[in-house]
Amino acid sequence: MKIWVDADACPVVIKDILFRAAQRTGIDLTLVANQYIKVPAAKNISAIQVQAGFDVADNEIVQRCQAGDLVITADIPLAAEVMDKGAHALNPRGELYTQDTIRQRLNIRDFMDSIRSSGVHTGGPPPLSQADRQQFANNLDRLLAQQK
């Protein structure tokens, strides 16, 4: 298993949890972004900087990830694509996507896009809470323990 992070929008606190987990377990962790991302000096932690552009980082993750890998992303279409390849997808708020929930999330996302395109302001997600961080850490630990 490798961990891939859609790092452009990933909260710093979530990256820190991932860095600690990678250092503790030795699992390979790669952050993918269209900007420079500083990572700890560890042989199993790296960053890939891709060109700027729509879905460039997402496409890089889809191309590189394999069945059994874990992708950290809040991007619903990216999560669906990597799950189609047999990878796991975990949201930075701690939600582990399943085949059932990802389809539901895609439908909601498409519905919200249509509302926004009609001019309705829908606001953004709430700030990351302590409960979100804890749920993320718990689900990450659970997935890593299953891989041992």
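My entries start with the sheet and then move to the helices packed around it.

**Ground rules.** I am working with a predicted model, where local features need pLDDT of at least 70, side-chain atom pairs count only at pLDDT 80 or more, and totals for chains, interfaces and linings use all residues. Residues are numbered from 1 along each chain as its sequence is written, and side-chain values use heavy atoms, with hydrogens and water left out.

I began with the strand order. I found five strands in an open sheet, ordered 3-2-1-4-5, with parallel pairing. I take helices (H or I, at least four residues) and strands (E, at least two) as DSSP runs numbered from the N terminus, and I call two strands paired if DSSP finds at least two bridges between them. Strand 3 (45-49) and strand 5 (88-90) are the edges, each pairing on one side only. Neighbouring strands are turned against each other by 20 degrees on average, direction ignored; axes here are lines fitted to C-alpha atoms, for helices over the stretch in contact, and angles run from 0 to 180 degrees between N-to-C directions.

**Strand 1.** Next I looked at strand 1 and its partners. Strand 1 (residues 2-6) pairs with strand 4 (residues 70-72) in the parallel sense over three bridges, and valine 5 has isoleucine 72 as its bridge partner there. With strand 2, strand 1 makes five bridges, also in the parallel sense; isoleucine 3 stands opposite leucine 29 of strand 2. Four of the five residues of strand 1 are buried (under 20% relative accessible area, with exposed over 50% and partly exposed in between, for a 1.4 Å probe and protein chains only).

**Helices 1 and 5.** Which strands does helix 1 lie across? I noted strand 1, strand 2 (28-33), strand 3 and strand 4 for helix 1 (residues 12-25), which runs at about 150 degrees to strand 2. Helix 5 (residues 130-147) packs on the sheet too, touching strand 1, strand 4 and strand 5, at about 160 degrees to the direction of strand 5. Contact means heavy atoms within 4.5 Å. The two helices pack at about 25 degrees with axes 11 Å apart. Helix 1 and helix 5 are therefore roughly parallel (angles under 35 degrees; over 145 is roughly antiparallel, 65 to 115 roughly perpendicular, the rest oblique). Among the residues that meet are Ile14, Ile17 and Leu18 of helix 1 and Phe136, Ala137 and Leu140 of helix 5. By class, this contact has nine nonpolar, one polar and three charged residues; Ala, Val, Leu, Ile, Met, Phe, Trp, Tyr, Cys and Pro count as nonpolar, Asp, Glu, Lys and Arg as charged, and the others, Gly among them, as polar.

**Helices 2 and 3.** I then turned to helix 2 (residues 56-64), whose buried residues are Ala57, Asp58, Glu60, Ile61 and Val62. These pack against strand 1, strand 2, strand 4 and helix 3 (76-84). The axes of helix 2 and helix 3 come within 9 Å and cross at roughly 15 degrees, which means the pair is roughly parallel. Asp58, Ile61 and Val62 meet Leu78, Glu81 and Val82 of helix 3, giving four nonpolar, no polar and two charged residues.

**Glutamate 95.** Last, I checked a loop residue. Glutamate 95 lies between strand 5 and helix 4 (99-117). Leaving aside neighbours within four places in sequence, glutamate 95 is in contact with Ala89, Leu90, Thr101, Arg105 and Gln135. Its C-alpha atom is 7.1 Å from that of phenylalanine 136, 41 residues apart along the chain.
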